[in-house]
Structures are given as C-alpha cells and as structure tokens.
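Here is a short note to read alongside the model. Please keep the picture open as you go through the points.

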Amino acid sequence: MHQANGALELVLQRAPPAAASEYANWLPAPPGPFQIVLRAYLPCPALRRGEATMPVIVRVDNALGN
C-alpha cells in the first residue's frame, strides 16, 4: 500500500492479513527467523557498485492484529 509520503508498505508475516485490502502487499513469511533479499532487475549503477541506500525496514509487532 502506498503511503502519503510515497513509501511502499509491505506486510511480511506468516498468517494472511485480517484485512482483505492488505493482501495485495502481503508477502508470506516462514515461521521463525528469516532473511529479506532485494532482487533488482536492471539495477542502477549505484546499486551495482554497492553505493545505493537501501530502504529502511521497520518491524511492527502485531500491526494487523495477527
């Protein structure tokens, strides 16, 4: 879901979101620890050089009531 500031909000959790509107941005996660990987198709030069700033990931426990 896009936020007013232009950010893209993704939901990473094991259980499907309670709100149907959140399903479009839900990425199923396995139980227990997991890693997030960025896959870039046709990356910009800064990303190829390892100089690009990666987006901030914020953990929010029980954000959707699941």
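**Notes on the fold and its surface**

1. Of the 66 residues in the protein, 11% are buried; buried means under 20% relative accessible area, exposed means over 50%, and partly exposed lies in between (1.4 Å probe, protein chains only). Please remember that this is a predicted model, where local features need pLDDT of at least 70, side-chain atom pairs count only at pLDDT 80 or more, and totals for chains, interfaces and linings use all residues. Residues are numbered from 1 along each chain as its sequence is written, and side-chain values use heavy atoms, with hydrogens and water left out.

2. Helices (H or I, at least four residues) and strands (E, at least two) are DSSP runs, numbered from the N terminus. Among contacts with a separation of 6 or more, 24% join residues 24 or more positions apart; a contact means heavy atoms within 4.5 Å.

3. Now look at the outside. The accessible surface comes to about 5800 Å², and 59% of that belongs to carbon and sulfur atoms. Such areas come from the Shrake-Rupley method with a 1.4 Å probe; for residues, only the protein chains shown count as cover.

4. Which residues form a nonpolar patch on the surface? They are Leu8, Leu10, Leu12, Leu27, Phe34, Ile36 and Ile57, with about 650 Å² of accessible area together. Patch members have over 30% relative accessible area and no salt bridge; like charges are joined within 9 Å, and nonpolar side chains (Val, Leu, Ile, Met, Phe, Trp, Tyr) within 5 Å. Phe34 sits in the loop between β2 (26-28) and α1 (45-48), and counts as partly exposed because its relative accessibility is 40%.

5. Asparagine 25, in the loop between β1 (11-13) and β2, is buried because its relative accessible area is 16%. Its side chain reaches the backbone oxygen of glutamate 9 at 3.2 Å. Glutamine 13 belongs to strand β1 and is buried at 17% relative accessible area; its side chain reaches the backbone oxygen of alanine 15 at 2.9 Å.

6. How many salt bridges does a search of the whole structure find? The search finds one, where a salt bridge is a side-chain nitrogen of Lys or Arg within 4 Å of a carboxyl oxygen of Asp or Glu. The side chains of glutamate 51 and arginine 49 meet in it at 2.8 Å, N to O. Both glutamate 51 and arginine 49 are exposed.

Methods. Polar contact = N/O pair within 3.5 Å; in protein donor to acceptor, adjacent residues only side chain to side chain.
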